[in-house]
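Trainee: I'm new to this structure and would like a close look at one part of it. Could you pick a single spot, go through it slowly, and then work outwards?

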Amino acid sequence: MSRPAAFREGADFLVAAASVVELVGRVEVVERWTDPSALSDLTVAGLAGHLGSQVLSVHAAVTAGTAVTDERPVPLLEHYERVEWARSGPDSPANQTIRRGAEESAAVGHGPLVASVQNASEDLRAAFTRAMPVALPPAIRMPGWDWSLSFEDFLVTRVMEIAVHSDDLAVSVGIEPPTLPEAVLGPVLALLVGVSLRRHGQAAVVRALSRSERAPETISAF
């Protein structure tokens with residue numbers, strides 16, 4: 001899957017990051033902070049924490065060098081064949097660990113969480129600007145991975161998480177999710193279609209997108 005140069009350079013990620021700051025900062029999120037979210041076994045606070053962590057993980061990789069590696073990265077779709085949470089159900093140990101981490105991220109409280117994500121976004125904007133035209137990290141290897149992703153593909157995985165969980169959070173508090181520009185959302189949609197193709201096959205995906213009378217019950221990527 002090809003990406004526009006701006007995405008590789010981080011500009012489009014910053015658009016997604018800004019949408020996280022705006023959404024998590026909404027008064028509706030504050031008002032329902034301790035309520036259950038639209039996701040099982042996760043509060044609104046935990047979901048906001050998980051959403052914010054997508055920005056914070058990129059910030060750690062870029063500004064602190066966390067998880068940066070020079071090993072050969074695997075293709076993006078192969079990553080989702082390997083990562084445990086994507087291959088297991090919601091009650092699996094991997095997904096339980098993710099939920100615990102999300103709640104822990106939100107334990108600082110709403111104000112400090114929003115501030116940390118906003119500061120990370122601002123730091124990333126400065127880091128990306130300073131880095132141009134110098135190459136950004138060649139590859140990222142996150143804790144728990146036995147492989148790495150190119151930095152470009154790592155950004156795609158984070159924006160996918162932002163797009164999906166922004167919808168989850170918005171639904172949880174009764175508001176509309178952020179609308180991301182086509183340049184930002186395009187690689188995410190390509191990723192979701194690619195994973196769906198591997199899981200459900202070409203016919204199922206094509207029918208779901210073009211033939212409602214023959215559409216399968218689901219082509220969910222995850």
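Mentor: Two residues are in contact, or touch, when they have heavy atoms within 4.5 Å of each other. This is a predicted model, where local features need pLDDT of at least 70 and side-chain atom pairs count only at pLDDT 80 or more, while totals for chains, interfaces and linings use all residues. Residues are numbered from 1 along each chain as its sequence is written, and side-chain values use heavy atoms, with hydrogens and water left out.

Let's pick Ser 148. You'll find Ser 148 in the loop between β2 (139–140) and β3 (149–150); strands (E, at least two residues) and helices (H or I, at least four) are DSSP runs numbered from the N terminus. With a relative accessible area of 1%, Ser 148 is buried (under 20%; exposed is over 50%, partly exposed in between, with a 1.4 Å probe and protein chains only). So what is packed around Ser 148? Leaving out residues up to four places away in sequence, Ser 148 touches Thr 69, Glu 71, Arg 72, Pro 73 and Val 74, along with Ala 139, Ile 140 and Arg 141. With Glu 71 there is also a polar contact between the side chains, at 3.5 Å (N or O atoms within 3.5 Å, one able to donate a hydrogen and the other to accept it; residues adjacent in sequence count only through side-chain atoms).

Now for the rings. The whole structure has five aromatic pairs (ring centres within 6.5 Å, using the six-membered ring of Trp; planes under 30 degrees apart are stacked, over 60 edge-to-face, the rest tilted). Tyr 80 and Trp 85 make an edge-to-face pair, with centres 6.2 Å apart and 85 degrees between the planes. Trp 145 and Trp 147 have centres 5.8 Å apart and planes at 5 degrees, so that pair is stacked. Both Trp 145 and Trp 147 are buried.

Next, the core. The largest nonpolar core has 59 residues, and Phe 13 and Leu 169 touch the most other members (such a core is buried Ala, Val, Leu, Ile, Met, Phe, Trp, Tyr and Cys joined through side-chain atoms within 4.5 Å). Elements giving two or more residues to this core include α2 (11–24), α4 (44–63) and α8 (151–173), and α8 gives the most, with 10. Among the residues that Phe 13 touches are Val 55, Val 58, Phe 128 and Ile 162.

A few helices are worth a glance too. In α6, Ala 94, Asn 95, Arg 99, Ala 102 and Ala 106 are buried, while Pro 93 and Glu 104 on the other side are exposed. What covers those buried residues of α6 includes α4. In α9, the buried residues include Val 184, Leu 191 and Gly 194, and α9 is followed by Gly 201, with a positive phi near 90 degrees.

Most residues other than glycine have a negative phi. Asp 41 isn't a glycine, yet its phi is positive, about 60 degrees. Asp 41 sits in the loop between α3 (27–31) and α4 and is exposed, at 56% relative accessible area.
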